[in-house]
Amino acid sequence: LKFVSTKGFSEAVSFKEAVLGSVATDGGLYVPSSFPAVEFAPGTGLQMIGRAVLAPYVSPDISEEDLAGIIEKAFTFDAPLVQLDKYLYVLELFHGPTAAFKDFGVRFMARVIENFAEGQEVSILTATSGDTGGAVAAAFHGVPNVRGIILYPKNKVSPIQEMQIAGFGDNIIALEVDGNFDDCQRMVRAAFADADLRKQHSLLSANSINIARLLPQICYYFRAYAQLEAGSKPTFVVPSGNFGNLTGGVYARKMGLPAAGFVAVTNANDVVPRYLKSGEYKVGAFVETLTNAMDIADPSNFTRIEALYSFNLERLRAAVSARRFTDAQMLDGMKRLYEDYGYVADPHTAQGFLGTEGIDGPKVLVSTAHPGKFRETVGQVTRNIPVIASLEIGNKLLHKQSIDARDGLRAFLD
Ligand SMILES: *Cc1c(COP(=O)(O)O)cnc(C)c1O
C-alpha cells in the first residue's frame with residue numbers, strides 16, 4: 001500500500017514519506033492507493049480496531065509492535081455511542097484531553113512523529129481557528145526533537161481556546177497573528193512554499209492535510225459500528241468544516257464499514273452543499289458563525305473525497321449528501337435535543353443533529369466537541385452547562401508572541 005497524490009502527478013510514496021512531506025510534490029494531497037477490508041466482532045474495542053485498521057497503512061515504516069505502542073499512548077479514551085431513541089445515536093468523540101474530536105488525529109500523529117524523528121529536529125506548523133491548536137499543543141508538548149508552532153488569529157479564539165494553545169510553553173510556540181484565520185493559513189502556506197525554509201527547518205504540517213491526522217479518524221467509525229446492534233446499517237451524520245472527519249468515514253466504508261450513507265452538515269459556509277446541488281464548485285465569502293470550527297470557506301479535504309469517487313459527481317452524490325443550516329436553526333436544534341432527549345450538545349453537534357432529521361433507519365450523529373467548551377452558547381439555550389472533567393491547558397500562564405499578518409515566518413524561524 002502506497003500513498004498517491006489527489007492530483008496524480010507525484011510518485012507513490014510510503015507512509016513515512018507522505019507524513020514528512022505533508023503535501024505531495026505536485027501540490028495535491030496524499031491518499032491511500034488502496035483500502036484493505038477489515039471486519040470486527042460486536043463490542044470490539046478501539047485499541048484492537050486501531051491496530052487492525054492502521055497496520056496496512058503504516059507498514060513497513062512502523063512495525064506492528066511499535067504501532068500497538070503508538071495506539072496505546074494515543075487512544076487513551078473511548079468513543080462511546082449514546083442512544084437517544086430507537087434509531088438515533090450520538091457518537092461522542094470529545095472524551096480526549098482537549099475535549100474535541102481532533103485529539104484522535106493529533107495524538108496519533110504526535111506519536112508517529114516521535115517514532116520517525118530519530119534525533120532530528122522537526123518543526124510542526126499549524127494554523128488554527130481554535131480547536132486544532134489546542135489539540136496540537138497538548139499532543140506535542142514535551143515530545144523530544146519537536147518544535148510545535150501554532151498560529152492563531154488575535155481576539156478570534158475563546159479564552160479557553162487561547163489557554164489551550166498558549167498555556168504550555170516549552171517546545172510549544174504560540175503565535176498570535178494580528179489578522180484572521182485566513183491570514184494564519186496563508187502564512188503557513190507561504191512557509192511551506194519556500195523550499196529552502198522548509199528543508200532547513202524540517203517543516204511539517206499538523207493540519208488535516210497531513211495523512212497522519214486523517215487515518216486514525218477511520219477507527220472511530222468502526223468503533224461506533226461495534227457498539228450497534230449486529231446487522232445495523234446506519235447513516236452517519238457529520239458536522240463538517242475542512243471535511244477531514246467525513247473523509248475518515250468514507251474511507252471506513254471503503255474498508256467494509258456497513259453504512260447506509262453519509263450526510264455532511266455545514267453552516268453558512270456551504271460550498272459543498274451548493275456544489276452537490278448545482279454541480280458548480282464556487283467558493284463563497286468566509287462567514288463567521290456560532291459553529292466556528294466549521295467556518296471554512298474552501299475545505300481542504302474535500303478533494304480527497306472527490307478523488308475517492310474518481311472526481312465523478314454522480315458517484316459522489318450517490319455516496320454523500322450535504323445539508324446546510326443557519327445559526328438560528330442550530331440553536332433551535334440544540335433546544336430540541338435538550339427538551340426532547342435531555343441531551344446537552346455543543347453547537348457543532350447541534351448543527352449535525354439537524355442533518356439527522358427526516359432520515360429513516362438507524363443514524364449515528366457524530367459529536368465533535370464537549371458542550372462545556374462552548375459555555376456561552378450552550379448556557380443560553382439549556383441553562384445546563386456540563387463541566388469538562390479535565391482539560392489539558394498547561395500551566396495557566398499565556399506563553400505567546402505576537403506577529404503581524406504581513407510578516408513572513410522566516411525571520412521568526414531562523
Ligand atoms: C474541526 C471541528 C469540526 C470540523 O471537522 P472537519 O474535519 O474539519 O470537517 C467540527 N466540530 C468541531 C468541534 C471541530 O473542532
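Tutor: In this predicted model, Val-53 is in contact with Val-38, Phe-40, Ile-218, Cys-219, Phe-222 and Met-255, leaving aside residues up to four places away in sequence. Val-53 belongs to the largest nonpolar core, which has 97 residues. Within that core, the residues that touch the most other members are Phe-15, Val-53, Phe-108, Phe-140 and Phe-222. As a general point, nonpolar side chains in soluble globular proteins tend to be buried together.

Next come the aromatic rings. The structure has 16 aromatic pairs. One of them joins Phe-243 and Phe-302 edge-to-face, at 5.7 Å centre to centre and with 75° between the planes. Phe-243 sits in the loop between strand 9 and helix 11, and Phe-302 in helix 13 (residues 302-308), so this pair ties together parts that are 59 residues apart in sequence. Phe-243 and Phe-302 are both buried. Phe-302 also forms an edge-to-face pair with Tyr-275, at 5.9 Å centre to centre and with 90° between the planes. Because Tyr-275 is in helix 12 (residues 271-278) and Phe-302 in helix 13, the second pair ties together parts 27 residues apart in sequence. Tyr-275 is buried, as is Phe-302. Elsewhere, ring pairs link Phe-75, Phe-77, Phe-104, Tyr-220, Tyr-221, Phe-236 and Phe-262 into a cluster.

Phe-243 counts as buried because its relative accessibility is 3%, and the cut-off is under 20%. Glu-118 also has a positive phi, about 45°, and is not a glycine. It is placed in the loop between helix 4 (102-117) and strand 5 (122-127). Glu-118 has a relative accessible area of 65%, so it is exposed, the cut-off being over 50%.

Another backbone detail is the cis peptide bond between Ser-59 and Pro-60, with omega about 0°. Pro-60 lies in the loop between helix 2 (46-58) and helix 3 (64-74), and Ser-59 is in the loop between helix 2 and helix 3 as well. Ser-59 is partly exposed, with a relative accessible area of 38%. The C-alpha atoms of Ser-59 and Tyr-221 are 22 Å apart, and 162 residues separate the two along the chain. Tyr-221 was named above as part of the ring cluster.

Last, the largest pocket. It holds about 660 Å³ of space. Its lining consists of 25 residues, and those nearest its centre are Leu-29, Gln-185, Arg-189, Ile-209 and Ser-300. Helix 7 (residues 181-193) gives the most to this lining, with 6 residues. By type, the lining has 9 nonpolar, 10 polar and 6 charged residues.

Technical notes: Residues numbered from 1 in each chain as written. Predicted model: local features only at pLDDT ≥ 70, side-chain atom pairs only at ≥ 80, totals over all residues. Heavy atoms only, no water. Helix = DSSP H or I, 4+ residues; strand = E, 2+ residues; numbered from the N terminus. Buried < 20%, exposed > 50% of the residue type's maximum accessible area, 1.4 Å probe, protein only. 1 Å grid on protein atoms, 1.4 Å probe; cavity = no way out; pocket = protein on both sides within 12 Å on 5 of 7 lines; lining within 4 Å. Points joined across faces, edges and corners; volume = space filled by probe spheres on them. Nonpolar A, V, L, I, M, F, W, Y, C, P; charged D, E, K, R; others polar. Core = buried A, V, L, I, M, F, W, Y, C linked by side-chain atoms within 4.5 Å. Contact = heavy atoms within 4.5 Å. Phe/Tyr/Trp six-rings, centres within 6.5 Å; stacked < 30°, edge-to-face > 60°.
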